[in-house]
Amino acid sequence: QVQLVESGGGLVQTGGSLRLSCAASGRTVSSNAMGWFRQAPGQERDIVAVIDWSGSNTYYADAVKGRFTISRDIVKNTVFLQMNSLKPEDTAVYYCAAARTFNLPRNRYAYEYWGQGTQVTVSS
């Protein structure tokens, strides 16, 4: 079993930055791809970014490309999401997830473990 705990969410103004962290415990996730998803009220849970097991390959949704950066610290069993130039449309609950595979899955059903989520609110 893997437990994922997100932190770093909050309220920020348009153009501001936040850094989300996702700490994994229970067992190492060094061989798993890790993803960040987000879900706004009344919306589907959508992929934001994915990083493969090595940290060498990443994927970003078009809406966040160039503004968000996903990274991981394998030793600390932690994944990060640096979010810059935030917009009101980035407002959502952000979830960290561990995939069943090591590559770059984009479908939420490819992910086995999920955190409880952290709220990000961007004011205009």
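**Figure 1. The largest nonpolar core has 29 residues.** Leu 4, Met 34, Trp 36, Leu 81, Met 83 and Tyr 94 have the most contacts inside this core. The elements giving it two or more residues are β3 (18–25), β4 (34–39), β5 (46–51), β7 (68–73), β8 (78–83), β9 (92–99) and β11 (118–123). A nonpolar core here is a set of buried Ala, Val, Leu, Ile, Met, Phe, Trp, Tyr and Cys residues joined through side-chain atoms within 4.5 Å. Buried means under 20% relative accessible area, exposed over 50%, and partly exposed in between (1.4 Å probe, protein chains only). Strands are DSSP runs (E, at least two residues), numbered from the N terminus. The model is predicted: local features need pLDDT of at least 70, side-chain atom pairs count only at pLDDT 80 or more, and totals for chains, interfaces and linings use all residues. Residues are numbered from 1 along each chain as its sequence is written, and side-chain values use heavy atoms, with hydrogens and water left out.

Figure 2. Phe 37 is buried, at 1% relative accessibility. Tyr 111 is buried too, at 3%.

**Figure 3. Phe 37, Tyr 111 and Trp 114 form one aromatic cluster.** The structure holds 3 aromatic pairs. Rings of Phe, Tyr and Trp (its six-membered ring) pair if their centres lie within 6.5 Å; planes under 30 degrees apart count as stacked, over 60 as edge-to-face and the rest as tilted. The Phe 37 and Tyr 111 rings have centres 5.0 Å apart and planes at 80°, so this pair is edge-to-face. Phe 37 is in strand β4 and Tyr 111 in strand β10 (residues 111–114), 74 residues apart. For Phe 37 and Trp 114, the centres are 4.9 Å apart and the planes stand at 55°, so this pair is tilted. It links strand β4 to strand β10 across 77 residues. Trp 114 is partly exposed, with a relative accessible area of 24%.

**Figure 4. Two arginines lie over aromatic rings.** Arg 45 lies over the face of Trp 114, at 5.0 Å from the ring centre. Arg 108 lies over the face of Tyr 109, at 5.4 Å from the ring centre. The criterion places NZ of Lys or CZ of Arg within 6 Å of the ring centre and within 35 degrees of the ring normal.

**Figure 5. Salt bridges that share partners join Arg 38, Arg 67 and Asp 90 into one network.** A salt bridge is a side-chain nitrogen of Lys or Arg within 4 Å of a carboxyl oxygen of Asp or Glu. By this rule the structure has 3 salt bridges. Arg 38 pairs with Asp 90, with the closest N and O atoms 2.9 Å apart. Arg 38 sits in strand β4 and Asp 90 in the loop between β8 and β9, 52 residues apart. Asp 90 also pairs with Arg 67, with the closest N and O atoms 2.8 Å apart. Arg 67 lies in the loop between β6 (58–60) and β7, so this bridge ties together parts that are 23 residues apart in sequence. Both Arg 38 and Asp 90 are buried. Asp 90 has 1% relative accessibility. Arg 67, at 11%, is buried as well.

**Figure 6. Asp 62 forms a salt bridge with Lys 65.** The closest N and O atoms are 3.1 Å apart. Asp 62 is exposed, with a relative accessible area of 66%. Lys 65 counts as exposed at 51%.

**Figure 7. Four strands form an open sheet in the order β1-β3-β8-β7.** The pairing is antiparallel. Two strands pair if DSSP finds at least two bridges between them. The edge strands, β1 and β7, each pair on one side only. Twist averages 15° from one strand to the next; axes are lines fitted to C-alpha atoms, and angles run from 0 to 180 degrees between N-to-C directions.

**Figure 8. Strand β3 pairs with β1 and with β8.** Strand β1 (residues 3–7) joins β3 through 5 bridges. Val 5 stands opposite Ala 23 in β3. On β8, the bridge partner of Ala 23 is Thr 78. β3 and β8 pair over 6 bridges in the antiparallel sense. Leu 20 has Leu 81 as its bridge partner in β8.
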